[in-house]
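Here are some friendly notes to read with the model open beside you. Take the points in order and look for each element as you go.

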Amino acid sequence: MNNRDNQLKIFCGNANAALAEEICQNLKIPLGKALVGRFPDGEAEIKIEENVRGADCFIVQATCYPANDNLMELLLLIDALRRASAERITAVLPYYGYGRQDRKAEPRVPISAKLTANIIQAAGADRALTMDLHAGQIQGFFDIPVDHLYANPVIIEYFKNKDFVKNKEELVVLSPDAGGVERARAFAKRLGADLAIIDKRRISPNEAAVMNIVGEVKNKNVIIIDDIIDTAGTLCKASDALIEHGAQKIYAACAHAILAGPAMERLNKSKISELVVTNSIPLRISKPPYITVLSIAGLLSEAIKRIHEGSSVSELFV
């Protein structure tokens, strides 16, 4: 261990307070004392309420809904810690918001993922720890070290105990689009399952039309794996297509359950037997019985511990 053994401190904003508390319980340290409130006009009010001089500080804050408020809290927490002489500041982003615009896909649009990386660095972050970026190249938008974890190990461990998964001949893992094939392939390999892909044509940024299924799904149990479920349009269209192609039962899993707009209405009407998500984003709905929430606190705790001790984090990149 290095000379920061007794100086590991974890703070959080309002986005993931429960997750931050769970991480602290795993690491057997108290959550750092900080005021994260609001001035009467709605501006964020931040104050670090303990000594952090020379400390190794981690801020657990997803930039999920309300994205602007949570991002601003993160930036102000970083700035406050920097001005309080923290030795190192790591932004722990269980969910990296503004990650969907990662390139100029059409004229006159911003590259929001790059701008967000720029302002996190400008605020004073020394490194970032995140999970299941919407596009892997976002790591390159930072000029500071980025540790990119995946929720797959947590989700795979859950499915391994399911009876239907033990029958490999009747199991298929499906990627809902070409961009998620690598994730689905790794998932299928770990479960010993076949792989299928949906060839999808997108009508608009929030609406997709399923065109074709590549792979055999007839009489199979299917696990649809994705990084994000936003309005659930893609997921529900995929489940309808699978039923039309003779699939038995359909399960779905994702790292980040945004579940915005008509998502719950669509999911409630869908043929999906179970939706497995993580607590990278707190659910803003009453959890229906078909949604299972898995904790990523253990994975993040281990990563934070290894970063603090200066040991390898690469074993967690699976």
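This is a predicted model: local features need pLDDT of at least 70, side-chain atom pairs count only at pLDDT 80 or more; totals for chains, interfaces and linings use all residues.

1. Residues are numbered from 1 along each chain as its sequence is written, and side-chain values use heavy atoms, leaving out hydrogens and water.

2. The whole protein. It has nine helices and 14 strands; these are DSSP runs numbered from the N terminus, with at least four residues (H or I) for a helix and at least two (E) for a strand. The radius of gyration is 20 Å, close to the 20 Å from the globule rule for 318 residues, so the protein is as compact as a globular protein of that length. That radius is taken over C-alpha atoms, and the rule is 2.2 Å times the number of residues to the power 0.38. Of the 318 residues, 52% are buried (under 20% relative accessible area; exposed is over 50%, partly exposed in between, with a 1.4 Å probe and protein chains only).

3. Five strands make an open, parallel sheet in the order 1-4-5-6-7, where pairing takes at least two DSSP bridges between two strands. At its edges lie strand 1 (8-12) and strand 7 (146-149), each pairing on one side only. Strand 1 is joined to strand 4 (residues 56-60) by five bridges, and K9 has C57 as its bridge partner in strand 4.

4. Helix 1. Which residues of helix 1 (residues 17-27) are buried? They are L19, A20, I23, C24 and L27. Seen down the helix axis, the buried residues fall within an arc of 140 degrees, so they line one face of helix 1; the arc is that of the directions from the axis to the C-beta atoms. An α-helix has 3.6 residues a turn, so residues three or four places apart point the same way. On the other side of helix 1, A18 and Q25 are exposed. Strand 1, strand 4 and helix 9 are among what covers the buried residues.

5. A residue to look up. T292 sits in strand 14 (residues 291-294) and counts as buried, at 18% relative accessibility. Its side chain makes a polar contact of 2.6 Å with that of E274 (a pair of N or O atoms within 3.5 Å; within protein, one must be able to donate a hydrogen and the other to accept it, and residues adjacent in sequence count only if both atoms are side-chain atoms).

Note on methods
Contact means heavy atoms within 4.5 Å.
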